[in-house]
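Me: I have a structure here and some questions about its side chains. Can we go through it?

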Amino acid sequence: MASQRVFPLSCVVQQYAWGKMGSNSEVACLLASSDPLAQISEDKPYAEELAEKLHLQAPQHYPDANHKPEMAIALTSFQGLCGFRPVEEIVTFLKKVPELQSLTGEDATEQLKQSMSGGPEAVASALRNCFSHLMKAEKKVVVEQLNLLVKRISQQVSAGNSMDDICGKLLLQLHQQYPGDIGCFAIYFLNLLTLKPGEAMFLEANVPHAYLKGDCVECMACSDNTVRAGLTPKFIDVPTLCEMLNYTPSPSKDRLFTPTRSQDDPYLSIYDPPVPDFTVMKMEVPGSVTEYKILAVDSASILLMVQGTVTATTPTVQGEIPLQRGGVLFIGANESVSLKLTVAKDLLIFRACCLL
């Protein structure tokens, strides 16, 4: 194995409670397609094909000292929360949703309103204060106010009234999944993005976010650190989250990350974020192409077959490596790989690497 530079990888999946059930999960389907011995249980969820101070304070929850920027590229229509909304939007929600203002408090709400006439530092300070008041609100009070809001929205919807101006449909969906969860109120502070297939969002370290619905390819820095405060069955650490977040507001369009098209390869799109940790390449190859060459890069990389059936060959490996939907291939640095289509259907391939 030490001499091999290109070889297939066997993957495992996570069964987090928030994953989709059984064969409704894209992850489960990818696993079943790539591994004929895999058994998918229809009653189980499937998800995810697999900073220094936090590490020192709580190594059991933050196992390493690395930061964790990440990128999500939509495979289907994909909905997520990402980064703080412009303050004007948050203030509008505070006016329209009295249940929310009951949790942030009058003083923090007024400070946020006043900050709109100040500079970036005043805005960030006021936003931090207001959001922290929300997240640290007493659990009993959160449940009471959330129930009041759910009741109000449900009554209005039943009467035929639209509640889109306060994200009523989304609030009800989140409350159904996570009843009484403080994270339901986060939709009024964070940008709501709906991505089309191929669109992406990039999340710098310390940017608050939540993935709500849909399938995506996710790539991140090598870190196990995630600080959570809501909409999750996992460990929650509200004080650390409120302390560490980036409180710079921005419109939702600023959170979209646009890939560049390769000048040398008409089928290649490159998602190259402003961090040295990773780059993602997306290859969409029409089924009419009989052979496609994966060009060498100066770092090791991992290839994921989302659609298509091919055989892979490389100058340094004897024989062919069969790859189909769900297959994963390790490619050593400076190695090129040729893919021969064995079925004349379009390929969708993602490659994670570092452009050194």
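Me: How many aromatic pairs does the count come to?
Reply: The count comes to nine aromatic pairs, where rings of Phe, Tyr and Trp (its six-membered ring) pair if their centres lie within 6.5 Å. This is a predicted model, where local features need pLDDT of at least 70, side-chain atom pairs count only at pLDDT 80 or more, and totals for chains, interfaces and linings use all residues. Residues are numbered from 1 along each chain as its sequence is written, and side-chain values use heavy atoms, with hydrogens and water left out.

Me: What kind of pair do F7 and F330 form?
Reply: F7 and F330 are stacked, at 5.0 Å centre to centre with 25° between the planes. Stacked means planes under 30 degrees apart, over 60 is edge-to-face and the rest are tilted.

Me: And F84 with Y247, how far apart are the ring centres?
Reply: Their centres are 5.1 Å apart and the planes are at 25°, so this pair is stacked.

Me: Are F84 and Y247 buried or exposed?
Reply: Both are buried (under 20% relative accessible area; exposed is over 50%, partly exposed in between; 1.4 Å probe, protein chains only).

Me: Which residues do ring pairs link into a cluster with them?
Reply: The cluster holds F84, F131, F189 and Y247.

Me: Different topic. Why does E335 count as buried?
Reply: Because its relative accessibility is 8%.

Me: Which side chain does E335 have a polar contact with?
Reply: R5, at 3.5 Å. A polar contact is a pair of N or O atoms within 3.5 Å; within protein, one must be able to donate a hydrogen and the other to accept it, and residues adjacent in sequence count only if both atoms are side-chain atoms.
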